Amino acid sequence: MSVLKKAEMLKEAEETKRPIARFANLTVDEAYQIQLDQIQAKVKNGATIVGKKIGLTSKAMQEMFQVNEPDYGHLLDCMMYPDGASISLSSFIQPKVEFEMAFVLKKDLSGPGVTLLDVIDATEYIVPAIEIIDSRIKDWDITFENTVADNGSSAGAVIGINPIPIDKVDVTKTGMVVYRNGAYLDAASSGAVMGNPARAVQWLANALSRYDISLYKGEVILSGALTKAVQVEKGDRFTVIFDHLGTVSCSFE
């Protein structure tokens, strides 16, 4: 089966909300090509790329997938939700949410050779974010290559509205608390993401250079989940509070 056919199958699964069986014997390069084929098709149909997401940034998740680096996906304008949004579950197949920092860029970043200082210099501000992940693969029965092909399992993002300049916060030691329906759910520190979420953005800029892709001024970069993903149920409301960054929230109906 061709790479293009696999991309079409994932796109159809997303549109019909009918998940498919995972692909066998994919290489990483094939998986990223499948992802790009889907994104290019959506852009041709009017979507706009507004950012990127980084996944598998924690050691635990990398060990689960037996890899030693993160993965990434693309964010489109049709995937973005305002802070406080009420989101229909009918838009997804088997959604989960993750909680993280988002970097918004004021300069382009093009690898290879992007340094941590380059990331800091290129960041206009940071905001809290909720990423909605979903799998077009049945029952989340995924390999690393399958999640890459499936746009990093990304499905949406809710971005906070309180922009904080990067030099006003220690991104390595920023605490976060998550509440579901008003009850405590989880907590973590930003150092859970590669010791420094900015390092995840650095990794992304350099990884993208293998495919002649850059990060651009104005893009939103989701830097990776601080805690485990949480399955979403109808009626759930999630509120995330970051030290120094403020809050972000959404609900599902």
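Author: Two strands pair here if DSSP finds at least two bridges between them; strands (E, at least two residues) and helices (H or I, at least four) are DSSP runs, numbered from the N terminus. This is a predicted model, so local features need pLDDT of at least 70, side-chain atom pairs count only at pLDDT 80 or more, and totals for chains, interfaces and linings use all residues. Residues are numbered from 1 along each chain as its sequence is written, and side-chain values use heavy atoms, with hydrogens and water left out.

Reader: Which residue in S13 stands opposite Arg-237?

Author: Start with the strands: S12 (residues 237–242) and S13 (residues 246–252) pair in the antiparallel sense, over six bridges. Look across from Arg-237 into S13 and you land on Ser-251.

Reader: How many residues of S6 are buried?

Author: Buried means under 20% relative accessible area, exposed over 50%, and partly exposed in between (1.4 Å probe, protein chains only). S6 is mostly covered, and of its 11 residues the buried count is nine.

Reader: How much space lies in the second largest pocket?

Author: On a 1 Å grid over the protein atoms alone, a pocket is an open set of points where a 1.4 Å probe fits, with protein on both sides within 12 Å along at least five of seven lines; lining residues have an atom within 4 Å of a point. Grid points are joined across faces, edges and corners, and a volume is the space filled by probe spheres set on the points. That comes to about 340 Å³.

Reader: Which residues in the lining are closest to the pocket's centre?

Author: H1 (3–16), H2 (28–44) and S7 (154–159) each give two or more residues to the lining of the second largest pocket. Of the 19 lining residues, the ones closest to the centre are Glu-14, Lys-42, Cys-78, Met-79 and Ala-155.

Reader: How far is Cys-78 from the nearest cysteine sulfur?

Author: A disulfide here is a pair of cysteine sulfur atoms within 2.5 Å, and the count is zero. Cys-78 is exposed at 56% relative accessibility, whereas Cys-250 is buried at 0%. The sulfur nearest to that of Cys-78 belongs to Cys-250, and the distance is 17 Å.

Reader: What separates the C-alpha atoms of Val-220 and Val-127?

Author: Val-220 sits in S10 (residues 220–225) and counts as buried at 12% relative accessibility. Val-127 is 93 residues away along the chain, yet the C-alpha separation is 9.6 Å.
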